[in-house]
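Biologist: I am new to this structure and would like to go through it with you slowly. Could you show it to me, and then settle our terms as we go?

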Amino acid sequence: ETIDIHGGGRDLMFPHHENEIAQSEAFTEKTFAKYWSHCGLIKMNGEKMSKSLGNSLTIRDALKMYNYEVLKYVMFSKHYASDMDILDSDFQLAEGHMYYFYSTIKAMEKFINENEGNAESETIKDETSNTIISKFIEAMDDDFNSALALANLHVVFKYANNIMKNAK
């Protein structure tokens, strides 16, 4: 009777969502949705995405061209409530970032295995390491600011690479 989260495009707030609320709450006498999440409009290379314009891209079609993690990166790199202009270059940029992340993780695993038990490679406590989790939570609490969370993730990976570089 009550939905936890209801989503949709910002363009559907009136009259569609108001109509849903009126009908559902009149019928159930309960709150229709606890939270509403309205996303912005999507553009592809500067034009409104539309089937009639022939520039729509379904998730299925995108998955034929790009890895699912690349798609998620592109979507999370933009704030959900903002209008999104998705450029072809966004996918190539995301592929590069994903490569950087996975290369760093692989290097970190190697670094940890090679330095296991080394007193100098023990836990590092500083401002960056102490705020990784709190900055993520802060970004998510800021209206699900996934773009900020990704920007912070780049700082963390740069930080990890510097630690490995300076330890040699």
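Modeller: Let us begin with contact, which means heavy atoms within 4.5 Å; helices (H or I, at least four residues) and strands (E, at least two) are DSSP runs, numbered from the N terminus. This is a predicted model, in which local features need pLDDT of at least 70 and side-chain atom pairs count only at pLDDT 80 or more, while totals for chains, interfaces and linings use all residues. Residues are numbered from 1 along each chain as its sequence is written, and side-chain values use heavy atoms, with hydrogens and water left out.

Biologist: Which residues of α6 are met by those of α4?

Modeller: On the side of α4, the residues are His97, Tyr100, Phe101, Thr104, Ile105, Ala107, Met108 and Phe111. Their counterparts in α6 are Leu153, His154, Phe157, Lys158, Ala160, Asn161, Met164 and Ala167.

Biologist: How are α4 and α6 oriented to each other?

Modeller: The axes, lines fitted to C-alpha atoms over the stretch in contact, with angles from 0 to 180 degrees between N-to-C directions, come within 10 Å for helix α4 (residues 88-115) and α6, and cross at roughly 40 degrees. Angles under 35 degrees count as roughly parallel, over 145 as roughly antiparallel, 65 to 115 as roughly perpendicular and the rest as oblique. The two helices, α4 and α6, are therefore oblique to each other.

Biologist: What is the orientation of α5 and α6 to each other?

Modeller: Helix α5 (residues 127-141) and helix α6 (residues 146-167) have axes that come within 8 Å and cross at roughly 165 degrees. It follows that α5 and α6 are roughly antiparallel to each other.

Biologist: Is His17 buried or exposed?

Modeller: His17 lies in helix α1, and its contacts, leaving aside neighbours within four places in sequence, are His6, Gly7, Gly8, Gly9, Leu12, Trp36 and His38. Buried means under 20% relative accessible area, exposed over 50%, and partly exposed in between (1.4 Å probe, protein chains only). Because its relative accessibility is 3%, His17 counts as buried.

Biologist: And is Glu29 buried or exposed?

Modeller: Glu29 lies in the loop between α1 and β2 (33-39), and its phi is near 60 degrees, a positive value in a residue other than glycine. Because its relative accessibility is 71%, Glu29 counts as exposed.
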